[in-house]
Amino acid sequence: MGLEKIAEKLDSYYDRLERGKATKIKPSHVEKAIVKLNARQEALNRELLEARKPSKKERLQCKLATVRTQIERAEWLLDQIGA
Amino acid sequence: MLGRLLLPTILLILALGFWASTDFQEIAAGVAIFLFGMLMLEDGFKLFSGGFLERILEKATSSVTKSIGFGILTTTIMQSSSLVSVIAISFLSAGLITLVAGVGIIFGANIGTTTGAWLVAGFGLKVNISAYALPMLAISIVLVFQKSKYLRGAGFVLAGLGFLFLGIHYMKEGFEAFKDQFDLTRFAMTGVAGLVVYTLVGATATVVMQSSHATVVLIITALAAGQISYENALALAIGANIGTTVTAIIGAFTANFQGKRLALAHLIFNVVTAGVALIFIGPLRVSVDFVSAGVGIPDTDYALKLAVFHTIFNLLGVFLMVPVIRPLIRFLERTIVQPKEDLSQPKYLSQAVGEFPLTIQTAMRKEVKHLYINAVELIVHGLNLHRHDIFTTKDIAATVAASRSPVEFDIDERYEQRVKTLHSAIVEFTTRINTKDMAENVVEDIYTLRDVATGIVRAVKAIKHLRRNATHFTERDQGVVTDLYNGLRTEIARILVEIRKLELADPEDRSSLWLDQERIQVENDAQNTNGRIEALIRDQKLAVGAATSFLNDSNYAYSAMRELLDAARAYYIETEDAMAEVERILSLEDDELSDVGKAGPSRNASEGAS
């Protein structure tokens, strides 16, 4: 998982926060995003179980891989924000 | 004609009055200062909007009782039923409140406006109000020059109140002096004629001054100075209530049909109340005397008795009208019929919503959605598909493959009518609004919405380019090229379906991050298309001419998909600032899409999606 870009965006956010141009992110905000991503992951898993066409299964697996990456990124962000 | 004559007539009357009497000058200046104070009050409250005022409006109008209470409260604070009515029209026009809530606010405003009479009668005429006005004005000017918009707002409100008090002072002085030279009581009429004439005079005075408060002040000051009789004063107050509707009627000129309905409701309420008051003027007068005696108002204190009358007759109006509010709404809906929806015209962006930040923001959001709905129709029909089919099917690829008949319509004409016109209106609106006093995040949101609209338009333009070949190669099965174009049509349809899922999801559950999964899919497919086309040419399964056409068209298709996804991501990003920050940080950058995408399998266009 490449984190360079997200780290850059986090730096930029802290910079804006210092200048009073951004709203402070609390761990609960990131946790809420993780809850939404987990729910999405569950929904995709359910869809995958019901899928019959190989192309649909393939697409759903691709989406699931992306959601997992997003969850990892969100957990990393939670560590940074919570630290 | 009448409009052109109005201004010269008013100026002529003023000039004659100034020439005839210096006291008239004092009264006229008092009225002018009073109205100037009203303007400053309005400007001051506008600076507070975008915050508490609008949020309260949204929450406080969820029932008729709450709406009435809100109308009473805001009018008491603002001391202007006209201003509250115009704001209500603007909110209704923007779709922020319902017609019932708007009518409730108007009813409440009519009760709230009576506090003005109490203020003037109980306070304005008994103390030297200029003693309050002058320090208020001095402090206000210090606040007006502050950087904080809320301090400036407080300054304008204070200045407004100061000018109101100063205006009252001058009007009072003018009438006091006038009394010695000109006795209005000699012209006072009695009986029905007096009631009718003074009702008309009260209505006209309010129309001219654009303020029932100013008329009530004039009545009370003239009454206190003995210029008019008590009966005439009552009729004038009734007339003032009719005249005050003119501001709302003017405000409704630029509003949509809902705003016009509310202005008509205002007129009906005030005319019916006035009619009932005139018919039952005798019993009303008795009840005023009864209440006045009950609360210890001296029998000769006509100013306070007028305030009692003003309150009783407006309360009477509300008690009469509230039970018939539903029939009234039905009447309004029948009288001012909702115009047949013209999809080419902006539905939410009217001048009436141009005053308040939240109204602007909400109207923009709705108008962009309106544009998106029109764009989806154009995109789907442009690809010879139907919204109902693709939004309900479980197998998009099969539905697309089965949809071969061209949808007959002129895409260029439809684009001009339903997309370009709306986009122009949105862009024009964003350039016209005054963002100076808006919160930074609100301004940012408005400009983001404008960019969303531009993205949607670019997507439609891409589909316009794609349509001819997409139709030509999918009308009948032409082998692999048909599969390729069906693949593109399927991909676009799938994006629209995913955006729709996001739209239908509960805002508490959805996340714009969902669309990153589609973005990755689009980029993978776009990358694989070239390789696949080369292979098809090599295997002689695709003619070079058809291949180059397809590559051009696939560029248009992927461009449309990217535009739609970007527009939806910006539109559906979390509304809470901190959550929006989280989504922005977590969202994948364009150059990250291919890296993350490698984690999963990819498809190409011809394989489509289900």
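Predicted model: local features only at pLDDT ≥ 70, side-chain atom pairs only at ≥ 80, totals over all residues.

Reader: What makes a residue of chain A count as buried?

Author: The cut-off is 20 or more other C-beta atoms within 10 Å of the residue's own, and 27% of the residues of chain A count as buried on that basis. Chain A has 3 helices and 0 strands, and its elements run α-α-α from the N terminus on.

Reader: How do you know what confidence the predictor has in chain A?

Author: The scale, pLDDT, runs from 0 to 100, and the mean for chain A is 89. A value of 70 or more is reached by 96% of its residues. Among the elements of this chain, helix α1 (residues 4–18) of chain A has the lowest mean pLDDT, 88, whereas helix α2 (residues 27–50) of chain A has the highest, 92.

Reader: Why is Gln517(B) called buried?

Author: Gln517(B) has 25 C-beta neighbours inside 10 Å. The term requires 20 or more, so Gln517(B) counts as buried. This residue is found in helix α24 (residues 514–538) of chain B.

Reader: Which residues does Gln517(B) touch, not counting those up to four places away in sequence?

Author: With that exclusion, Gln517(B) touches Lys63(A), Thr66(A) and Val67(A). Within chain B, Gln517(B) and Val596(B) are 79 residues apart in sequence, and their C-alpha atoms are 9.6 Å apart in space.

Reader: How many residues of each chain are in contact with the other?

Author: In total, 30 residues of chain B are in contact with 35 residues of chain A. On the side of chain B that touches chain A, α24, α26 (577–586) and α27 (590–597) of chain B each supply at least two residues. The most come from α26(B), with 9 residues. By class, this side of chain B has 12 nonpolar, 7 polar and 11 charged residues.

Reader: Why is Asn384(B) called partly exposed?

Author: Asn384(B) has 19 C-beta neighbours inside 10 Å. A buried residue needs 20 or more and an exposed one 12 or fewer; the count of 19 lies in between, so Asn384(B) counts as partly exposed. Asn384(B) lies in the loop between α18 (357–382) and α19 (387–392) of chain B. Its phi is near 60°, a positive value in a residue other than glycine.

Reader: What makes Gln540(B) exposed?

Author: Gln540(B) has 7 other C-beta atoms within 10 Å. The limit for the term is 12 or fewer, so Gln540(B) is exposed. Its place is in the loop between α24 and α25 (544–571) of chain B. Gln540(B) is not a glycine, although it has a positive phi of about 55°.

Reader: Which members of the largest nonpolar core touch the most other members?

Author: They are Ala375(B), Ile379(B), Ile456(B), Val460(B) and Ile492(B), in a core of 83 residues. Helix α22 (residues 440–474) of chain B provides the largest share of this core, 13 residues. Apart from this core lies another, of 54 residues, including Met171(B), Ala277(B), Tyr302(B) and Phe313(B).

Reader: Which residues does Val460(B) touch, if those up to four places away in sequence are not counted?

Author: Val460(B) touches Ala375(B), Leu378(B), Ile379(B), Tyr415(B) and Val419(B) on that basis. A contact requires C-beta atoms within 7 Å.

Note on methods
Residues numbered from 1 in each chain as written. Chains lettered and ligands numbered in written order. Core = buried A, V, L, I, M, F, W, Y, C linked by C-beta atoms within 7 Å. Helix = DSSP H or I, 4+ residues; strand = E, 2+ residues; numbered from the N terminus. Contact = placed C-beta atoms within 7 Å. Nonpolar A, V, L, I, M, F, W, Y, C, P; charged D, E, K, R; others polar.
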